[in-house]
Amino acid sequence: MEYQFRNCTYDDIDFILDLKEFGLKWYIEKIYGWDRNIQKEKTVRELNRHINDIKIITLDKRDIGITTFYNEGNKFVIGLTVIHPDYQNKGIATAILSGYINIAEKEQKKIIIKTYIKNPARRLYERLGFKLYDTSETHAHYEIDFS
């Protein structure tokens, strides 16, 4: 499967919200309660901060996911990364995250990812070499330190 990236725009807000609902609602609901309007406000704030770092993942000209990756001083940060359920377990997220890891290794920087503590994707992060370095009641923080 040959995925591609395109730049995210504010016109993608409904697509992003749908992805969050498909992929994350089950857990957001448990922590905060699911309210699409609140999720929209949070998403707009994230777009305001990272619009140039957010990419829409496409496959055969269809939008299938979102990924965020940016440099923050001495480390790289993987932000919201969600693949539509119809395209999960096909190696797409593994390929994308592996690409980010390669960038961090080449630049000899730490790379971090924060996720919900009950997110099944934690197994993927661990398989790719991320090590748990902190947890909260709701989140797990992972890193690979190439520095």
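1. Start with the two helices. Ile13, Asp14, Ile16, Leu17, Asp18, Lys20, Glu21 and Ile28 of α1 touch Arg36, Gln39, Lys40, Thr43, Val44 and Leu47 of α2. Contact here means heavy atoms within 4.5 Å. Helices (H or I, at least four residues) and strands (E, at least two) are DSSP runs, numbered from the N terminus.

2. A word on the source. This is a predicted model, where local features need pLDDT of at least 70 and side-chain atom pairs count only at pLDDT 80 or more, while totals for chains, interfaces and linings use all residues. Residues are numbered from 1 along each chain as its sequence is written, and side-chain values use heavy atoms, with hydrogens and water left out.

3. How do the helices pack? Two packed helices are described by the angle between their axes and the distance between the axes. Helix α1 covers residues 13-31 and helix α2 covers residues 36-50; their angle is about 120° and their axes are 10 Å apart. Therefore α1 is oblique to α2. (Angles under 35 degrees count as roughly parallel, over 145 as roughly antiparallel, 65 to 115 as roughly perpendicular and the rest as oblique. Axes are lines fitted to C-alpha atoms, for helices over the stretch in contact, and angles run from 0 to 180 degrees between N-to-C directions.)

4. Next, strand β3. Strand β2 (residues 54-59) runs antiparallel to β3 (residues 62-72), and six bridges join them. Two strands pair if DSSP finds at least two bridges between them. Ile54 has Thr68 in β3 as its bridge partner. The β2 and β3 hairpin has two residues between the strands, and Asp60 takes a positive phi near 50°.

5. Four bridges tie β3 to the antiparallel strand β4 (residues 75-78). Glu72 lies opposite Lys75 in β4. This hairpin also has two residues between its strands, and Gly73 in the turn shows a positive phi of about 70°. Two bridges connect β3 with β5 (residues 82-83), again antiparallel. Gly65 faces Ile83 in β5.

6. Now the rings. Which residues form one aromatic cluster? They are Trp26, Tyr27 and Tyr116. The structure holds seven aromatic pairs. (Rings of Phe, Tyr and Trp, its six-membered ring, pair if their centres lie within 6.5 Å.)

7. Last, charges over rings. The charged end of Lys42 sits over Tyr32, 4.3 Å from the ring centre. Lys109 lies over the face of Phe76, 5.2 Å from the ring centre. The test is NZ of Lys or CZ of Arg within 6 Å of the ring centre and within 35 degrees of the ring normal.

Notes:
Rings of Phe, Tyr and Trp (its six-membered ring) pair if their centres lie within 6.5 Å; planes under 30 degrees apart count as stacked, over 60 as edge-to-face and the rest as tilted.
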